[in-house]
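Subject: Structure for your review

Dear colleague,

Please find below the structure that I am handing over to you. My findings follow it, arranged by region.

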Amino acid sequence: MAIETVGVIGAGQMGNGIAHVFALAGYDVLMTDISQDALDKALVLIDKNLERQVSREKISEAEKKAAMGRIKTTLQLADLGKTDLVIEAATERETVKQAIFEDLVPHLKPDTILTSNTSSISITRLASRTDRPEKFMGFHFMNPVPVMQLVELIRGIATDQATYDLMHDVVDRLGKTAASAEDFPAFIVNRILMPMINEAVYTLYEGVGSVNSIDQSMKLGANWPMGPLELADFIGLDTCLAIMNVLHEGLADTKYRPCPLLTKYVEAGWLGRKTGRGFYDYRGETPVPTR
């Protein structure tokens, strides 16, 4: 089958980026969220990000206009049933994702492919709650989606080869690079990245270094473009904690134990850039370390 129409569930940080790249690649996109305000904000942000690409001569004004014309929104999850491919990009909580798929499945066409943008949750387990585990797989984009080139393709135990091949072709059409990952907790990128971030938080927690010294050390000493604590704030500390919990619970290894300081920041609601405070305070002109 050919993929022409794409449903995106969630208009947040990841969902709007996914809608952006699919529309730009020529797909008709239908994006849904539980909030009309979130959908409206997503369209404004997509327009802004496309305009940035125009200003940098990455795309033309005509390409931007055509991409915006391909994106439609709806508050009704059932409306996505008519699409060829569905990408779930909701909150990184398994119960939320399962509820979404259970509500959506009765409205799907028989050949619609279901995917999740989850960064850590078992694809096999999510697929088992649907009527089409063979047509279900992980489709994990990196943030920010329009900029980052990698897409992790994760097969559940039941995913068939035809579905995998079709999704690989979709990644190629998006102009991105696919990396195949096995269905184990956090896959490849976050299996490696999150423990590194967690160790940076432990380094702060134990007083080995300050926020500034830790980030500066990794930027200048390991040639990271962004320090690990700055990166954690960009990702969202709640997301970092959720992934560490999946690793800790799924692999039963104490080396994945989330740092208590990370838990404390999340309990405080200091989740990083999206809430104005995390390891840095973003409410002023320039970010200031909070410890």
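A polar atom of the D33 side chain lies 2.8 Å from the backbone nitrogen of A11. Please bear in mind that this is a predicted model. D33 sits in the loop between β2 (28–32) and α2 (36–55). With a relative accessible area of 18%, D33 is buried, because the cut-off for that class is under 20%. Not counting residues up to four places away in sequence, D33 touches G10, A11, G12, A38, L39, T74 and L75.

An unreviewed UniProt entry lists G10, A11, G12, Q13, M14, G15, D33, E92, K97, S119, N143 and K274 under "binding site". How does this list relate to the lining of the largest pocket? Of these residues, that lining includes G10, A11, G12, Q13, M14, G15, D33, E92, K97, S119, N143 and K274.

Leaving aside neighbours within four places in sequence, N143 is in contact with Q13, M14, M148 and F234.

The unreviewed UniProt entry also carries the annotation "domain: 3-hydroxyacyl-CoA dehydrogenase NAD binding", which covers residues 5–183.

T159 lies in the loop between β7 and α6 (161–174). Is T159 buried or exposed? Its relative accessibility is 12%, and T159 therefore counts as buried. The side chain of T159 makes two backbone approaches: to the oxygen of F136 at 2.6 Å, and to the nitrogen of G156 at 2.8 Å. Apart from neighbours within four places in sequence, the contacts of T159 are P133, E134, F136 and M137.

In helix α4 (residues 94–104), the buried residues are K97, Q98, I100, F101 and L104. Viewed down the axis of α4, these buried residues fall within an arc of 160°, so they line one face of the helix. T95 and D103, on the other side of α4, are exposed. The elements that cover the buried residues of α4 include β1 (5–9), β4 (85–88), β5 (113–116), α5 (123–128) and β6.

Helix α8 (residues 211–221) has V211, I214 and D215 among its buried residues. Seen down the axis of α8, its buried residues fall within an arc of 90°, and they therefore line one face of the helix. L220 and G221 are exposed on the other side of α8. The buried residues of α8 pack against α7, α9, β9 (280–281) and β10 (288–289). Just after α8, N223 adopts a positive phi of about 65°.

Helix α10 (residues 237–251) has 15 residues and reaches 21 Å from its first C-alpha to its last, close to the 21 Å expected at 1.5 Å a residue. Its buried residues are L237, C240, L241, I243, M244 and L247. Because they cover an arc of only 165° around the axis, they are on the same side of α10. Just after α10, A252 takes a positive phi of about 55°.

Finally, K58 is found in the loop between α2 and α3 (61–69). At 64% relative accessibility, K58 counts as exposed, because the cut-off for that class is over 50%. K58 and K219 are 161 residues apart in sequence, and their C-alpha atoms are 28 Å apart in space.

With kind regards

Definitions and conventions: Residues are numbered from 1 along each chain as its sequence is written. This is a predicted model: local features need pLDDT of at least 70, side-chain atom pairs count only at pLDDT 80 or more; totals for chains, interfaces and linings use all residues. Side-chain values use heavy atoms; hydrogens and water are left out. UniProt positions are given in the numbering used here, feature names are shortened, and annotations may be inferred rather than shown by experiment. On a 1 Å grid over the protein atoms alone, a cavity is a set of points where a 1.4 Å probe fits but cannot get out, and a pocket is an open set with protein on both sides within 12 Å along at least five of seven lines; lining residues have an atom within 4 Å of a point. Helices (H or I, at least four residues) and strands (E, at least two) are DSSP runs, numbered from the N terminus. Buried means under 20% relative accessible area, exposed over 50%, partly exposed in between (1.4 Å probe, protein chains only). Contact means heavy atoms within 4.5 Å. A polar contact is a pair of N or O atoms within 3.5 Å; within protein, one must be able to donate a hydrogen and the other to accept it, and residues adjacent in sequence count only if both atoms are side-chain atoms. The expected span of a helix is 1.5 Å times one less than its number of residues. The arc is that of the directions from the helix axis to the C-beta atoms.
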